[in-house]
Amino acid sequence: MEELHSETPQTEPEPAPKIIGLTGGIGSGKTTVARFIEEFGFPVYYSDDRAKTIVNDNENVKIKIKELLGNKAYDGNGLYDRKFVADIVFNNKDLLHQLNEIIHPAVRIDFEDWVKKQTKYLVFKETALLFELKLNRQCYKSLLVTAEDNIRIKRVMDRDNKTYREVGVVMEKQMPEKDKIKIADYIIYNNTNLEELKEQTEKVIFSIE
């Protein structure tokens, strides 16, 4: 007589998290919104911070950057010299593009590995260049943090001890806010205070389906 074997029930795989691209220009308050999102229990991947780590820790990336910009791209301690690199690529679109072509694929792989470890139904990818690099196409939805230009300029002047002109030069190189607003799926306007900003953040993220 044949033995009856009970079949092990098949468990459904957990659905992949929905990726929300979080962005905002200089002085918009994007990082503050990211912190609020974490307070509400959702993980945030900080692309810019991870990129700073990757250019120092990823040997393949380091080799390619040195080939592109020379050994001076790294200081005497072997650390990425951000000021040296910024001075070279700031007014050279071709070099900047080539540098991005080295760094951004490495960040993308790092992000994909990070997503696999997450368990929440939403995860947020914080990046300053979401729309400029068309990374929003890889996201379920996009969330833009914005503010009036004069408010953003004053914030950066106070925070970084920069002149009005210095901040203006940086803003001129970024995609205009009006263009970002046209394509963003969700928008948070950060023109008032932190309490209002937190309330807006909560309302928006819990409305995402």
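How many bridges join strand β1 (residues 18-23) to β4?

Guide: Strand β1 is joined to β4 by 4 bridges, and the two run parallel. One place to look is Ile-20, which stands opposite Lys-141 in β4. This is a predicted model, in which local features need pLDDT of at least 70 and side-chain atom pairs count only at pLDDT 80 or more, while totals for chains, interfaces and linings use all residues. Residues are numbered from 1 along each chain as its sequence is written, and side-chain values use heavy atoms, with hydrogens and water left out.

Helices (H or I, at least four residues) and strands (E, at least two) are DSSP runs, numbered from the N terminus. Two strands count as paired if DSSP finds at least two bridges between them.

The whole sheet is open and has 5 strands, in the order β2-β3-β1-β4-β5, with parallel pairing. β2 (44-46) and β5 (186-189) are the edge strands; each has a single partner strand, so one side of each has no neighbour in the sheet. On average, neighbouring strands are turned by 20 degrees against each other, direction ignored.

Two helices pack on this sheet. Helix α1 (residues 30-39) touches β1, β2, β3, β4 and β5, and its direction makes about 145 degrees with that of β2. Helix α9 (residues 194-205) touches β3, β4 and β5, and its direction makes about 170 degrees with that of β5. Contact here means heavy atoms within 4.5 Å. Axes are lines fitted to C-alpha atoms, for helices over the stretch in contact, and angles run from 0 to 180 degrees between N-to-C directions.

The two helices also meet: the axes of α1 and α9 come within 10 Å and cross at roughly 60 degrees. That angle makes α1 oblique to α9 (under 35 degrees is roughly parallel, over 145 roughly antiparallel, 65 to 115 roughly perpendicular, the rest oblique). On the α1 side the contact is made by Thr-32, Val-33, Phe-36, Ile-37 and Glu-39, and on the α9 side by Leu-194, Leu-197, Lys-198, Thr-201 and Ile-205.

Thr-146 has Tyr-189 of β5 as its bridge partner. Buried means under 20% relative accessible area, exposed over 50%, and partly exposed in between (1.4 Å probe, protein chains only).

A loop of interest runs between β3 (122-126) and β4 (141-146), and Thr-127 lies in it. Thr-127 has a relative accessible area of 4%, so it counts as buried. Leaving aside neighbours within four places in sequence, Thr-127 is in contact with Leu-22, Thr-23, Lys-30, Ser-47, Asp-48 and Leu-135.

A last stop is helix α7 (residues 164-172), whose buried residues are Val-167, Gly-168 and Met-171. These cover an arc of only 100 degrees around the axis, so they are on the same side of α7; the arc is that of the directions from the helix axis to the C-beta atoms. They pack against α6 (149-160). The face turned away from the buried side of α7 carries the exposed residues Arg-165 and Glu-172.
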